[in-house]
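Have the sequence and the 3D view open as you go.

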Amino acid sequence: MPKHGKKYRNAVGDRDTAVRVDIEEGVKAAVASAFAKFDETVDVAINLGVDPKYSDQMIRGAVSLPNGLGKDVRVAVFCRGEKENEAKEAGADYYGSDDLVEKIQSGWLDFDKAVATPDMMAVVGKIGRVLGPRGLMPNAKTGTVTMDVAKAVSELKAGKVEFKVDKAGVLHAPIGKVSFGADKLLENLRALLDTVMRMKPSSAKGTYMKALAVSSTMGPGVKIDPLTVRKFLEA
């Protein structure tokens, strides 16, 4: 078993990390357990009762967090003509067509999110092997392949979060910074959980939300009782 550092052990204290708590208590504990000198990001991990190998059980989407993510998101837009002006006015950091693709082919990847108009996807496909593994490939399911470039850029800048279950059926997503405080983080978490719950596939059998945990970047994870999710969303 790997040994944790002194700061980590102090953050855990005498708390039993195996015990599942309700959502409000869990988020507060995650915030209180953060000990790094920088403003740590608070993440949530959700184990869903789905089998991603079946396309109808692949949970993938995006949600606009009411309080954003607390970070500057650099957005690149693949577009042509009038859409370049639209991207610029919306606050896109980079925009272009073949020139932008060529820049990325040469090794440049100085952006966090990408948007593309539908007519550009054939060109963007040339760099799919570069963007895909890094989670940067535009996708219609997350609203990043669209003709409404201004809306897509604005949402990403404001803190729109994309999520996708991995092969094990676990979904990871950030919900803000420790400096937000528990109340704002809970508002963001509510928006995420509401979206994920509404995406439950009809073909998924048994328990949908099997396990849930929140943690800061460096701090210990806090297990949440999934049975408290519905009550939390209805509050």
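## Exercise 1: two helix pairs

To start, α3 and α7 cross in a right-handed way (right-handed if the near helix is turned clockwise from the far one by less than a right angle, left-handed if anticlockwise). Before going on, note that this is a predicted model: local features need pLDDT of at least 70, side-chain atom pairs count only at pLDDT 80 or more, and totals for chains, interfaces and linings use all residues. Residues are numbered from 1 along each chain as its sequence is written, and side-chain values use heavy atoms, leaving out hydrogens and water.

**Task.** Work out how α3 and α7 are oriented to each other, and which residues of the two meet.

**Solution.** 
- Step one: find the helices (DSSP runs of H or I with at least four residues; strands are runs of E with at least two; both are numbered from the N terminus). Helix α3 covers residues 82-90 and helix α7 covers residues 149-158.
- Step two: get the angle. It is about 25°, and the axes lie 8 Å apart (axes are lines fitted to C-alpha atoms, for helices over the stretch in contact, and angles run from 0 to 180 degrees between N-to-C directions).
- Step three: name the orientation. The pair is therefore roughly parallel (under 35 degrees; over 145 is roughly antiparallel, 65 to 115 roughly perpendicular and the rest oblique).
- Step four: look at the contact (heavy atoms within 4.5 Å). Lys83, Glu86, Ala87 and Ala90 of α3 meet Val149, Ala150, Val153 and Ser154 of α7. By class, that is 5 nonpolar, 1 polar and 2 charged residues (Ala, Val, Leu, Ile, Met, Phe, Trp, Tyr, Cys and Pro count as nonpolar, Asp, Glu, Lys and Arg as charged, and the others, Gly among them, as polar).

**Solution.** 
- Step two: the crossing is right-handed.
- Step three: α2 brings Ile23, Glu24, Val27, Lys28 and Val31 to the contact, and α8 brings Ala182, Leu185, Leu186, Leu189 and Leu193. The classes are 8 nonpolar, no polar and 2 charged.

## Exercise 2: pockets and a cavity

**Task.** Find what lines the largest pocket and the largest cavity.

**Solution.** 
- Step one: know the terms. On a 1 Å grid over the protein atoms alone, a cavity is a set of points where a 1.4 Å probe fits but cannot get out; a pocket is an open set with protein on both sides within 12 Å along at least five of seven lines; lining residues have an atom within 4 Å of a point.
- Step two: the largest pocket holds about 520 Å³ (the space filled by probe spheres set on the points, which are joined across faces, edges and corners). Its lining has 27 residues, with Lys113, Arg134, Gly135, Glu162 and Phe163 nearest the centre. Strands β6 (160-164) and β7 (170-177) each give two or more of the lining residues.
- Step three: the largest cavity has about 30 Å³ of space. Lining it are Lys113, Ala114, Gly135, Leu136, Met137, Pro138 and Glu162, or 4 nonpolar, 1 polar and 2 charged residues.
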